[in-house]
Amino acid sequence: MSSDLEALLHETRRFAPPAAFAAAANAQPSIYDEAAADPVAWWRQQARRLTWDVEPTETLSWNRPFATWFADGRLNASVNCVDRHVANGLGDRVAFHWVGEPEDDTRTITYRDLLAMVSQAAHALTDMGVRRGDRVAIYMPMIPEAVVAMLACARIGAAHSVVFGGFAADALSDRIRDADCRVVITADGGYRRGAAAALKPTVDEALADCPGVTGVLVVRRTGQDVAFVEGRDHWWHDLVERQSTEHQPESFPAEQPLYIMYTSGTTARPKGIMHSTGGYLTQVATTHWYAHDLKPETDVCWTSADIGWVTGHSYIVYGPLANGATQVMYEGTPDAGGRDRWWRIVEEYKVTILYTAPTAIRTFMKWGKEFPAAHDLSSLRLLGSVGEPINPEAWIWFYETIGGSRCPVIDTWWQTETGGMMMTPLPGIAAAKPGAAMRAFPGISVDVVDHDGHSVGNGQGGFLVITQPWPAMTRGIWGDPERFAETYWSRFENAYFAGDGAKRDEDGDIWLLGRVDDVMNISGHRISTTEVEHALVGHHSVAEAAVVGASDETTGQAIVAFVTLKQEFAEQSDDELITQLREHIARTISPIAKPRQIVFTPDLPKTRSGKIMRRLLRDVAEHRALGDVTTLTDPNVVNMIGDLMNAHQSDDE
Ligand code: WT7
C-alpha cells in the first residue's frame, strides 16, 4: 500500500449520497437486507430482468468450485440485448453514439440498426461454417462492428474470444490456438493517436501458426492496403452486408458458454476465463441497473474501456444493452484532437454516467483543470471508477472537477473472473469514502481474512475473499479445470481467493490494497511478472530476468525489470540493448507490457533455495529501505542493484 493512502486512511472524508440523487435512486436502502435474507432467491428474482424462452426453475447448483445458475432455463443473449427492445417499441432508441478518433467521424446506431447488423453478421458467420459451440476470435478497434461481432457469435451459440487490439502477433496467436478458434473477425486497422494503425498484418502473422482457422472476416475501417488470403479472407462489406437483415434466433441453455476472455495470472501462460450466458447476463444487467442507477429513457452512458477487456464486455456490451441503455462509444485516445476531447464528447452527447479507470483520471489531473473547465459537464450525474485502487486524491479530483461536487462516485471492485461488479457503494443509498470500494453489492458475500482464513476485525488488513458463489462467476479456465480449482479455491478452505489485499477500516468499510500475488496492474491492465520475465529470457541476450511492479504516479504501477545478460553480451549493457529488449516485449506481448526501466545486473537476489526475492527487488525499485535480507545467499547483491538502478535509467514513452 502506498504511504499517502495509509496517511489518508486516518483522515477519511465521508461523502453522504446527495439527497436529490437518493430520492430517485434505483436502489433503495432495503435492498441490502432483502438480498441478505436469501441471496440465491434474490438473484432468482433479478433473473426476471431477462427474457427467457424457457423460464428457469433451478437457481444455484453448487459443487465447489463449480457452480451453475438457472441451468434449466433457456435464452439467447443477443435477443436479450437487442431484439426484445425493438419488439418493445424501442427500435428508434439510440444504442450507440459512436465517435471515431478523426474529427467528425461519427455514427448513430439505433437498436433497430443494431438488430439488422447483428442478424446479417449471424448469417455471415453461419456461411463461414461457424456452428454452436465453436470459438471465434475478435481482434478489432473500437468500432460498432466489434459489438456486432460479439452479439452475432452469441446469437448463434459460438463463444467469442476478444483479444485486445494492442496485443502483438505472438500473444494473439497463443490465444487463438489455446481456444481453438475457427474464425477470426478483425479490421484493416483502427485510429490511434491521430494515425491509422494496422491490425490485419498482425492477424496474418499470428495465423501462420494457427492451422485451425478457416476464415477471416475483415472490416474496412481505415482503407489501408491489406493482403488477402484467397478462400480464407472475406471483407465484411461483401459477406455481411449482402445477408438478410432478418435472422431467426435459437435459444440456448443458461450455461451455454458465452465467451472466453484471456487474462494474466501468476504464470507465463494467460488463462482463458470462461463465462456462461444466463448467470452472467443476470449479474451484469443487475449491477449496471443499480450501481450505474440506469434510467434507460434519459441516461447517456459512457464506459471508456476497450472492448478487448472485461469492462467492455460487461459494461459496454452485455449489461447496458440488456438494459436498453443509450451509450457513447469512443474509438481513440483521450488526447486525440486535443486534451479536452473527452469533455467535448461529454458536452456534445450530454453524457450522464461516466465509468472510467483511475489511470485516466490521474492523466487528466496531470493535464490540468482547464480542459474540463472549458466545457459544460452539467449533464453528468454519476461517476464510476474501475480497474485498480483509486487514490483518494484522484477520487476527490474526479468528484469535484468532473462531477462538480454533485455526482456520486462509485469505486467498483471486480475482476475478469467475477464477470460483473462485486463491490461498490450503491449510489444514492450508501456513503462513499475516497479510495474505498466500501462493501459488497447486494447478494454478494465478501470477507477480509488473515493467513489462516479467519475474518479480521475492524482496523485490520488481510486478503479479500468471496465466500458464496455468484451468478457471473467464471465457469472455469478453458481447457484446464484443475487449474481453476488450484488458482482460486485452494488458498482458503471455503472461499474464492481474489488475489487482492484488503483492509477493514474502523467503521467496517473495505479498502482494496492491490494485488498480493505476482500480478501487476499497469494502467488497469493486468500483466503477470512471469509473462514478462518469460518474454525477456526469450531474447538471445538474456540469461535471467526478474520483473516487479513499482508504484507509479500515473499508471498505478510500472514495470521494472532486472536483467542478467549472457556472458557474451555482458559488455553490451547499454541503451541500445534496453531499447531492443523493450521492443522485443512490445512485439511478443504488447506495448503495454514494456518496462519503464530495465536494470542490468550481474546477479539477482535469491534465497538459499534459489527463489528470486521479488519483494526485495520491489523495495529497491520503489527506493525503500530494505527489510530482512538474512535469507539471501548474498545480501550484497541487493545493494549493488540499488546502485545500478540509478546508473541505467531508461526513458518512459
Ligand atoms: C484486478 C482485476 C474489473 C475489471 C477491470 C480489471 C484490480 C479492479 C478495482 C478497484 C481496487 C481493483 C484488482 C483485481 N481492481 N477494480 N475498484 N479497486 N482494485 O479486471 O484485469 O481482471 O483485474 O484489478 O487487483 O484483482 P482484471
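Q: Which residues of strand β18 lie on one side and which on the other, and are they buried or exposed?
A: In this predicted model, strand β18 spans residues 353–356 and is covered on both faces. One side carries Ile353 and Tyr355, the other carries Leu354 and Thr356, and the state of all four is buried.

Q: In what sense do strands β16 and β18 pair, and over how many bridges?
A: Strand β16 comprises residues 300–303. The pairing of β16 with β18 is parallel, and the number of bridges is three.

Q: Which residue of β19 is the bridge partner of Thr356?
A: Strand β19 covers residues 382–386 and runs parallel to β18, with four bridges between them. Thr356 belongs to the side of β18 that also holds Leu354. Its bridge partner in β19 is Ser385.

Q: Why is helix α12 described as largely enclosed by the rest of the structure?
A: Helix α12 consists of residues 310–322. A residue counts as buried when its relative accessible area is under 20%. The helix is largely enclosed because the number of its residues that are buried is 13 of the 13.

Q: Which residue with a positive phi follows α12?
A: The phi of this residue is near 70°. The residue is Gly324.

Q: Which elements each supply at least two residues of the shell around the ligand?
A: The shell divides into six nonpolar, six polar and five charged residues. Of the 17 residues around the ligand, those that come nearest are Asp411, Thr412, Thr416, Asp500 and Arg526. The elements that each supply at least two residues are α12, β20 (409–412) and β25 (510–515).

Q: How much of the area that the ligand exposes when taken alone does the protein bury?
A: A nitrogen atom of the ligand lies 3.1 Å from a backbone N or O atom of Gly387, and a polar backbone atom of Thr412 is 2.7 Å from a ligand nitrogen. An oxygen atom of the ligand is also 2.7 Å from a side-chain N or O atom of Arg526. Taken alone, the ligand exposes 550 Å², and the share buried by the protein is 95%.

Q: Does Thr222 count as buried or exposed?
A: Thr222 is located in the loop between β11 (215–219) and β12 (233–235). Beyond its neighbours within four places in sequence, Thr222 is in contact with Asp188, Gly189, Gly190, Tyr191 and Ala196. Its relative accessibility is 17%, so Thr222 counts as buried.

Q: Which side chain forms a polar contact with that of Thr222?
A: The two side chains are joined at 2.6 Å. The partner of Thr222 is Gln224.

Notes:
Residues are numbered from 1 along each chain as its sequence is written. This is a predicted model: local features need pLDDT of at least 70, side-chain atom pairs count only at pLDDT 80 or more; totals for chains, interfaces and linings use all residues. Side-chain values use heavy atoms; hydrogens and water are left out. Buried means under 20% relative accessible area, exposed over 50%, partly exposed in between (1.4 Å probe, protein chains only). A residue is near a molecule or strand if one of its heavy atoms lies within 4 Å of it. A polar contact is a pair of N or O atoms within 3.5 Å; within protein, one must be able to donate a hydrogen and the other to accept it, and residues adjacent in sequence count only if both atoms are side-chain atoms. Accessible areas come from the Shrake-Rupley method with a 1.4 Å probe; for residues, only the protein chains shown count as cover. Ala, Val, Leu, Ile, Met, Phe, Trp, Tyr, Cys and Pro count as nonpolar, Asp, Glu, Lys and Arg as charged, and the others, Gly among them, as polar. Two strands pair if DSSP finds at least two bridges between them. Contact means heavy atoms within 4.5 Å.
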